Amino acid sequence: MAVFLALAVWAVHLLPVSLTTGETAQKKPLPATMPGGVAVLDFDGDGKLDLFFADGAPLPDGRGAGNKLLRNMGGMKFEDATAKAGLGGSGYSIGAAAADYDGDGWVDLLVCRLRGVTLYRNRGNGTFATATTAAGIDNKGRWAVGAAWLDWDRDGDLDLFVVNYVKWDAAKEQVCLVNGKPDFCHPKHYDAEANALFRNNGDGTFTDVSEEMGIASHKGKGMGVAVLDGDGDRWPDVFVTNDRMFAFYFRNIEGKRFEECAFARGVAVPQDGNPVSGMGVDGQDYDNDGRADLVYTALRDETFPLYRNEGGDFAEATSKSKMAVLTRQMAGWGVVFADLDNDGWKDIAAARSDALSATGGKGAAAKETPSWFRNKGDGTFELGSGWEAMPKAMYRGLAAADLDGDGCLDVAVTALGEQARVMRNPCVGNGHWVQVQAGRGAVRVRVDGQWREASTAAGYASSNAGPLHFGVGAKKEVEVEVVWFDGKSTVTKAAVDRVVKVTR
């Protein structure tokens, strides 16, 4: 059923938002290569998925208010709702993380910035209130790239993990040359930072538990975060990609502490032993064996490493899956597991481009097109078609969501200095589908033999708080199971081609 999709062209829709970087021909401050994430959320509860874009600002002061909230009007039409919603913000933004942290039924938003984070609480009337100080979330002015909402202590409230990058001081920025031209400096020139963990107190406030839970003692150069129950003990773990450093795997020890065990789990570094430029990451079960796997993007000649979960430990499957040969000459940022052809197997979609500037030493060669990799269902992938007409650009954030309600996943991408785009899925000859909207406290969802982690963290600096999408091929009825924070499950039968709402 995926053959027709593979031959069809995806329509491109330009959105009224463009990423500001702050770079010039002569000055390439490091933050300018880092925007910008996209968050998918239904902020107004009308059943249509809206889009929030984190934007940069002029540098070196990093002041600006370019963030955008686009309200979905249906039919791939979006209107700017930023001012009315109160989400313009201020300061240089990198990414966003959406989730209902206070349990009132409305999706809230955390914006990750060059100098800390900002928490916006959804009032439920189409507007947001800034709640950072009242909630007690203090990232201590650190450069936050992304974040993940997760219930690591399994008390029913969403806690917060913030991924921090490096220490950056505009006054100390070096001049780095690539092929004789100013360009972004290598991450080796900057000191690492620790990530942060905040416990939800259940009353709208949070407590910083980074030190006592074993997070603060591990400094890295974080770029992406995935939440997954990697060892099947029903306690959510956290995987963090680092830029030219070994990755982190924080194993959740029954909510009492986290143990960093990336080497023991086999995911600290690819098989050749060289740390890569770990970028965006996603953790989902791509081979339908019930265990969450990992994929992340990196730069050219580093491939997009793919790790297969073998029951707590991971085995690198980049070469065996054909992802090594497919991605060797690619550089990537945002990445997600998403069943784009509804055949019951999760494909991989990636936003691509170099970390170096398109006006620097590599010039236009830094620009690339996005790519998707079709899961053949036998453990291997092939390059998907239909995206060849996409113009080359400096793509960054990416999210896959059914934006037009036709049962097929569309893909939203951002690009430095250019308009964000939605690639509309042609949805020709596709299989059936089910989208599961699980209630508060869901951690994993199963549709027949397929599993998805319920985390909203997705790819690079991005987030997806929409329903969990499952392609089911020719099936007409499926069994849906939602696993809750306390380990209990809700199982129900459901017809296909619809959104299934499951609450406790």
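1. Basis of the note. The model is predicted, so local features need pLDDT of at least 70 and side-chain atom pairs count only at pLDDT 80 or more, while totals for chains, interfaces and linings use all residues. Residues are numbered from 1 along each chain as its sequence is written, and side-chain values use heavy atoms, with hydrogens and water left out.

2. Disulfides in general. A disulfide is taken to be a pair of cysteine sulfur atoms within 2.5 Å. By this rule the count is two disulfides. With bonded cysteines counted along the chain, their pattern is 1-2, 3-4.

3. Cys176 and Cys185. These two residues form a disulfide with sulfur atoms 2.0 Å apart. The torsion about their S-S bond is about 100 degrees, so this disulfide is right-handed. Both Cys176 and Cys185 are buried; buried means under 20% relative accessible area, exposed over 50%, and partly exposed in between (1.4 Å probe, protein chains only).

4. Cys408 and Cys427. A disulfide also joins Cys408 to Cys427, with an S to S distance of 1.9 Å. Its S-S torsion is about 60 degrees, so the disulfide of Cys408 and Cys427 is right-handed. The pair links distant parts of the chain, 19 residues apart: Cys408 lies in the loop between strand S30 (395-401) and strand S31 (410-415), and Cys427 in the loop between strand S32 (418-424) and strand S33 (432-438). Helices (H or I, at least four residues) and strands (E, at least two) are DSSP runs, numbered from the N terminus. Cys408 counts as buried because its relative accessibility is 1%, whereas Cys427, at 24%, counts as partly exposed.

5. Two further cysteines. Cys112 has a relative accessible area of 0% and is therefore buried. Cys261 is buried as well, with a value of 7%.

6. A four-stranded sheet. An open sheet has the strand order S6-S7-S8-S9, with antiparallel pairing; two strands pair if DSSP finds at least two bridges between them. Strand S6 (93-99) and strand S9 (128-130) stand at the edges with a single partner strand each, so one side of each is left without a neighbour in the sheet. From one strand to the next, the twist averages 25 degrees (axes are lines fitted to C-alpha atoms, for helices over the stretch in contact, and angles run from 0 to 180 degrees between N-to-C directions). Strand S7 (residues 108-113) and strand S8 (residues 116-122) run antiparallel and are joined by five bridges. Val111 stands opposite Thr118 in S8.

7. Thr21. Which loop holds Thr21? Thr21 is placed in the loop between strand S1 (11-18) and strand S2 (38-41). With 10% relative accessibility, Thr21 counts as buried. A polar atom of the Thr21 side chain lies 3.2 Å from the backbone nitrogen of Glu23. Beyond its neighbours within four places in sequence, Thr21 is in contact (heavy atoms within 4.5 Å) with residues including Ala32, Tyr92 and Leu416.

8. Nonpolar cores. A nonpolar core is a set of buried Ala, Val, Leu, Ile, Met, Phe, Trp, Tyr and Cys residues joined through side-chain atoms within 4.5 Å. The largest has 25 residues, of which Met34, Ile94, Trp143, Val145, Tyr165 and Tyr460 touch the most other members. Leaving aside neighbours within four places in sequence, Tyr165 is in contact with residues including Met34, Trp143 and Val145. A second, separate core of 19 residues includes Trp10, Ala351, Trp372 and Met423.

Methods: A polar contact is a pair of N or O atoms within 3.5 Å; within protein, one must be able to donate a hydrogen and the other to accept it, and residues adjacent in sequence count only if both atoms are side-chain atoms.
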